[in-house]
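Dear colleague,

Please find the structure below, handed over for your review. My findings follow it.

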Amino acid sequence: METGIEVAEKAKAQGVETIVDATPNECGRDAEVLREISERAEIQIICSTGYYFEGEGAPAYFAFRQGLGSALAEVEELMITEITDGIGDTGIKAGVVKLASSKDEITDYEKMFFTAG
């Protein structure tokens, strides 16, 4: 927390008014921590929704659901909900969609997330 606040304050001292945090859902994104850093450093932080590339992200849940043919609609609904209603029960709405692909290709699994995004 203290490191996050320190970095945000350094950015603010350089004239930065808004930070976009592109941490995707399955890579440790914590909207509550970002809110606290934002409030304590008095700087705007935009949280993201989205997913990382298959080799590093790839939650087994969505891989299983993709095999059943129902994952795309679920991923799309999750992203829309995080943008319109908020992330979980935090009330914090995602302001950007962050997606990533493998090097030199977009796998079929990753295409599902890009389509949803």
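Predicted model: local features only at pLDDT ≥ 70, side-chain atom pairs only at ≥ 80, totals over all residues.

Residues are numbered from 1 along each chain as its sequence is written, and side-chain values use heavy atoms, with hydrogens and water left out.

The protein chain has 5 helices and 4 strands, taken as DSSP runs (helices H or I, at least four residues; strands E, at least two) and numbered from the N terminus. Their order from that terminus is α-β-α-β-β-α-α-β-α. The C-alpha trace spans about 50 × 35 × 20 Å along its principal axes. Of the 117 residues, 32% are buried (under 20% relative accessible area, with a 1.4 Å probe and protein chains only).

The axes of helix H3 (residues 60-68) and helix H5 (residues 108-116) come within 11 Å and cross at roughly 90°; axes are lines fitted to C-alpha atoms over the stretch in contact, with angles from 0 to 180 degrees between N-to-C directions. In this pair, Phe62, Ala63 and Gln66 of H3 meet Asp108, Tyr109, Met112 and Phe113 of H5.

Glycine 86 lies in the loop between helix H4 (71-84) and strand E4 (96-99). Its relative accessibility is 3%, so glycine 86 counts as buried. Beyond its neighbours within four places in sequence, glycine 86 is in contact with Thr81, Gly91, Ile92 and Lys93 (contact: heavy atoms within 4.5 Å).

Yours sincerely

Conventions: Buried < 20%, exposed > 50% of the residue type's maximum accessible area, 1.4 Å probe, protein only.
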